[in-house]
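Please find below a short note on the model under review.

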Amino acid sequence: MKTLIHDATVVQDFEQNEINKNFSILINEEGVIEELGKASEFESRKQEFNIFPMNEKIVMPGFINCHTHLTATLGRGVLEDLAFPPILPYPRSANSYLSDEETQIMATLGVLEGIRSGTTTFVELGRDVEKYASAISETGARFFLGEMMTDLTYNVIKAGSPLKSKNDFSEDLADQAYTRAINLFESWNNKERDRIKVVFSPATADSCSPSMLQKSRELAEEKQTVYTIHLSQSHQEVDGIKNAWNLKPTEYLNAYDFLGPDLIAAHCRYVDESEIALLGKFSVGISNNPAIAARRGAAAPVTELIQSGCSIGIGTDNMAEDMLEAARTGYFAERVRRNNETTPTANNVLGWATTGGAEITNSTHNLGSLHVGKQADLIAVNFNKAHLAPNLRVVSNFINNGISSDIESVMVQGKFIMHDKKILNVDEEKIISEAQIIAQKSWTKLRESYPNLNMLVELDNI
Ligand SMILES: [Zn+2]
């Protein structure tokens, strides 16, 4: 049976401020929007559909989170206060103590926060993603999954010092990484009625050799998918690429033919004018991750990147999954960075979080806005709240005053995954309580394993 989202105020496209009152959305059995129009036009056919009356709710496109690492939820409240690299002085991480099942729970926890804050699509990048792909898929959310690849002989982030030499790469490590990435692609691409896609993800500009950059792009082209990398994420990365290659990070990627319109470059915090021009020349998609950048005292030059020809999406990156907060931080940060009191606008920023995300994941044909022929990935928001009244300009009101708990229902591919504030496909309470136990256990193990090391930030005795 077809589904009718009935009598809502529908924000069809944030960027265009395309808003229609008393509208209904008819969704077919495939989860595709079949008709959109005045609610009154559907009255005589109502009995043919599974109807969800929206009353005074506002229905909007769901957010596309262009860059995240879901298992980083284990570091919540602990790692945010550290400078880059956000690591403690231990030989191993708290995550390394997790069993596969515990990793699945921490990743699912991240998805739950994302759903509750209006995210319908996650670009999830991780190590051994196959371990938890099935668990997160069960939530019903949409994913682009990427297995992070590196062929550097040490972990440049854990080492806490910049890349030293261009001879520090290993062909064996590269081959292992390609195998993991291709296996993920074979297992998951286009699965769950195309709800899951797989991308290629060489990890960072300073942890990949030229041959890994070239091979990653080739793989993405061969498999007709996008590829992504962390670019200009830290001063450490900029220094390391200068040491090893005598180039700026974007120049390094360009030197090995890595830049292109199917690339999502995440962060781009410290790119200079010539790098911005290069990124624009190749129409690179940028995942701006403004909340984590602000925590590191940084902000990407978003306006300049757009002016040069780049498309912008928004990501959350580590620990947090709240795209509304990330979008709002992006809105504030860009105004502060440019000392500009009026731009970007609310429409610009929520556009980045939806249509922008669709653009950089090559998904404008089916994601990012609510139009006939696109996927029914949407959220229903209750504006009947003290902090949202009066509601005179929906988009501006939402970015300036909205909070994630205003979002009451989330639909992906025509199916509710949260309805009237209830998460439908996984046991949310169980995940939350287990996550607390897992975190206490793994952090305690880490501290007990290395009693003489200074934690840098103390955990509360709870
Ligand atoms: Zn990241």
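1. Val410 lies in strand S15, where strands are DSSP runs (E) of at least two residues and helices are runs (H or I) of at least four, both numbered from the N terminus. The model is a predicted one, in which local features need pLDDT of at least 70 and side-chain atom pairs count only at pLDDT 80 or more, while totals for chains, interfaces and linings use all residues. Residues are numbered from 1 along each chain as its sequence is written.

2. Val410 is classed as buried because it has 27 C-beta neighbours inside 10 Å; the class requires 20 or more other C-beta atoms within 10 Å of the residue's own, placed from the backbone.

3. Beyond neighbours within four places in sequence, Val410 is in contact with Gly62, Ile115, Gly118, Thr120, Ile379, Ile417 and Met418. Contact means that the C-beta atoms, placed from the backbone, lie within 7 Å. Ala380 is 30 residues from Val410 in sequence, with a C-alpha to C-alpha distance of 6.5 Å.

4. The chain comprises domain 1 (3-60 + 371-423) and domain 2 (62-360), with bounds from an automatic or database domain assignment. Their C-alpha centres are 30 Å apart.

5. Between the domains, 21 residues of domain 1 are in contact with 26 residues of domain 2. On the domain 1 side, two or more residues each come from strand S14 (378-381), helix H14 (394-401), strand S15 (407-412) and strand S16 (415-419). H14 gives the most to this side, four residues.

Terms used:
Contact = placed C-beta atoms within 7 Å. Buried ≥ 20, exposed ≤ 12 C-beta atoms within 10 Å, placed from the backbone.
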